[in-house]
Amino acid sequence: MQENTPSKRILSVDALRGADMFFIVGGEALILALAGLFPESGVMKAVAAQMMHVDWDGFHFMDLIFPLFLFISGVTFPLSLSSQQKNGMTRKQITLRCIRRGLILVALGWVYNGILSCTDFANFRYASVLGRIGLAWMMASLLNLWCNRKVCWTIIPAFLLGYWALLVAFPESGMDPFSQEGSLVGRIDRALLPGRLYLGNHDPEGWLGLIPSVVTAMLGIEAGRILKDKTKTEMRKVAMMTAVGVLFILIGVVWDFVMPINKNLWTSSFVMLTAGLSFCLLATFYLVIDVWGCRRLAFFPAVIGMNSITIYIASEAINFNHTADFLFTGFVDNIFPEPMRPLVFTICFIALWWTFLYFLYRQKIFIRV
C-alpha cells in the first residue's frame, strides 16, 4: 500500500465510487432513519425496502452496491495502465503488480473478517467481499493485459453462457439449479471452500461465482476504455455508455425469465442488469461532473471515493459508532424529539467518519492497494 497524491483522474469516477461506498458505511442507515419518520408513508416504505438485500431471487437497490464497486475497479484499470506504461513498466511488471494487488485485497478481506483475532481457523470465514473484488479484478486485468479486445469480447459471453450452462447441467439431484440448496455454486463451496460459509451451506463470495464476477470487472474495463478514448467527444462517450447500459439492462431483464437475477449466485442475468445500471450511472456522473463541470457536487462523494478501501477497512477497525455515541448522544437526546433522534445521530455518525476522510484528503494521504 502507498500514501501519495492521486495522479490526474476523471473526477466522476471518484465521485461514483464514493457515492457507492457511502451506502455501505452510512447511507443505508440514513435512508432507513429518514423513512422511520414517516411510518405510514407507502413511498417511504418502498424506499426503505430498497435498502435491504433480497433474500434470494430478485433485485433491490442495495444489491447494486457490490457489483458497482467491482465495475468501477475495472473502469480505473485502463486509466492507470496508460500511466504505468508511460512510466516505462513492462507487461511482466504490470502483471506482477496486478497479482500483488489481487492477493493484498484477499488478505485485507481476511483482516476485515477478523483473522488477526481468530482462534478457531476451522470456522473462520475465508471468503470475503474484498477477496472477491481482488480475485475478479486481478483475473479481468490480466485477461485484458494479455489478450486483445476482440478476444476479451469473446470471453465475456463465453463466461456468462458457460456459467449458466454449468448451473443448469449440474444441480443437486432433483433440486432447482438456482436454489440455495440445489445450486452447483453451493456444492463446490461445501466441498472446496475451507472454513465457515456465510449462509451455512452457501457463500455468496465463493469459488464458482468468480466466473461471472470477472465479467463484471471486464465490462468495467470496457467502460474505462470508452472514457480514455481521445478520438470520441465527451457527449459521444456519454451516449455510448448510456446505450450500452440500456441494452444490458434489457438483456438482464429478459434473461431473468430463464435464469433468475440473483446476487448470491451472481447469475449471468444479474451481471447484465447491474453492469447496465453501472454504465448508466457512470454516464450520468460523467455528464454532470466532467462534461457540464458541476464539480462542486462531486466533492462530498469524491473525498470518500479517493480513500474507499481506507474507510471500508476503518469502518471495521475503528469504532466510529462508539465514538459518535460518546460525542453526540447527550446532545441529540437533549435537543431533539425522540422520533428524530435516529436520523440526527446517523447524520452525526456520517459527519464523523467523513471528517476523518477529509483530514486524510487535506493531508494529501490517499491509501491505495
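A: R125 has a relative accessibility of 9%, so it counts as buried, the cut-off being under 20%. This is a predicted model, and the values that follow are computed from it. The partner of R125 is D203: their side chains meet in a salt bridge, with 2.8 Å from N to O. The two residues come from distant parts of the chain, 78 residues apart. R125 sits in the loop between α4 and α5 (129-146), while D203 sits in the loop between α7 (184-192) and α8 (210-228). D203 is buried as well, because its relative accessibility is 0%. A further residue, E205, belongs to this arrangement: R125, D203 and E205 are linked in a network of salt bridges. In general, side chains of opposite charge can pair when their charged atoms come close.

The count of salt bridges comes to 10. Another one of them joins the side chains of E172 and R187, at 3.8 Å from N to O. E172 lies in the loop between α6 (149-169) and α7, and R187 lies in helix α7 itself, so this pair ties together parts that are 15 residues apart in sequence. E172 has a relative accessible area of 28% and is therefore partly exposed. R187 is also partly exposed, with a relative accessible area of 32%.

R341 and D333 form a salt bridge too, and their closest N and O atoms are 3.9 Å apart. R341 is partly exposed, at a relative accessible area of 26%. D333 counts as partly exposed, at 36% relative accessibility.

The setting of these pairs is a protein chain with 14 helices and two strands. Its radius of gyration is 21 Å, close to the 21 Å that the globule rule gives for 369 residues, so the chain is as compact as a globular protein of that length. Along the principal axes, the C-alpha atoms fill a box of roughly 60 × 55 × 45 Å. Buried residues make up 48% of the 369 residues. Among contacts with a separation of 6 or more, 73% are between residues 24 or more positions apart. The chain exposes about 17700 Å², and carbon and sulfur atoms supply 65% of that area.

The largest nonpolar core holds 89 residues, and L219, L282 and W353 touch the most other members. Leaving out residues up to four places away in sequence, L219 touches F71, W153, I156, F248, V271, M272, A275 and F279. Another core lies apart from this one; it has seven residues, among them I289, A298, M306 and F366.

I313 and Y112 are 201 residues apart in sequence, yet their C-alpha atoms are 6.3 Å apart in space. With its neighbours within four places in sequence left aside, I313 is in contact with L108, Y112 and L130.

Nonpolar side chains also occur on the surface. L96, I99 and L103 form a nonpolar patch there, and together they have about 260 Å² of accessible area. L103 is found in helix α4, which covers residues 91-112.

Most residues other than glycine have a negative phi. W266 is not a glycine, but its phi is positive, about 50°. W266 is placed in the loop between α9 (234-255) and α10 (268-291), and its relative accessibility of 0% means that it counts as buried. K364 also has a positive phi, near 60°, in a residue other than glycine. K364 lies in the loop between α14 (341-362) and β2 (366-368). At 53% relative accessibility, K364 counts as exposed.

To return to the part requested: R125 and D203 are joined by a salt bridge, and E205 is linked with them in a network.

Definitions and conventions. Residues numbered from 1 in each chain as written. Predicted model: local features only at pLDDT ≥ 70, side-chain atom pairs only at ≥ 80, totals over all residues. Heavy atoms only, no water. Core = buried A, V, L, I, M, F, W, Y, C linked by side-chain atoms within 4.5 Å. Buried < 20%, exposed > 50% of the residue type's maximum accessible area, 1.4 Å probe, protein only. Contact = heavy atoms within 4.5 Å. Patch = residues over 30% accessible without salt bridge, like charges linked within 9 Å, V, L, I, M, F, W, Y side chains within 5 Å. Areas by Shrake-Rupley, 256 points an atom, 1.4 Å probe, with all protein chains shown as cover. Salt bridge = Lys/Arg side-chain N within 4 Å of Asp/Glu carboxyl O. Helix = DSSP H or I, 4+ residues; strand = E, 2+ residues; numbered from the N terminus. Rg over C-alpha atoms; globule rule 2.2 N^0.38 Å.
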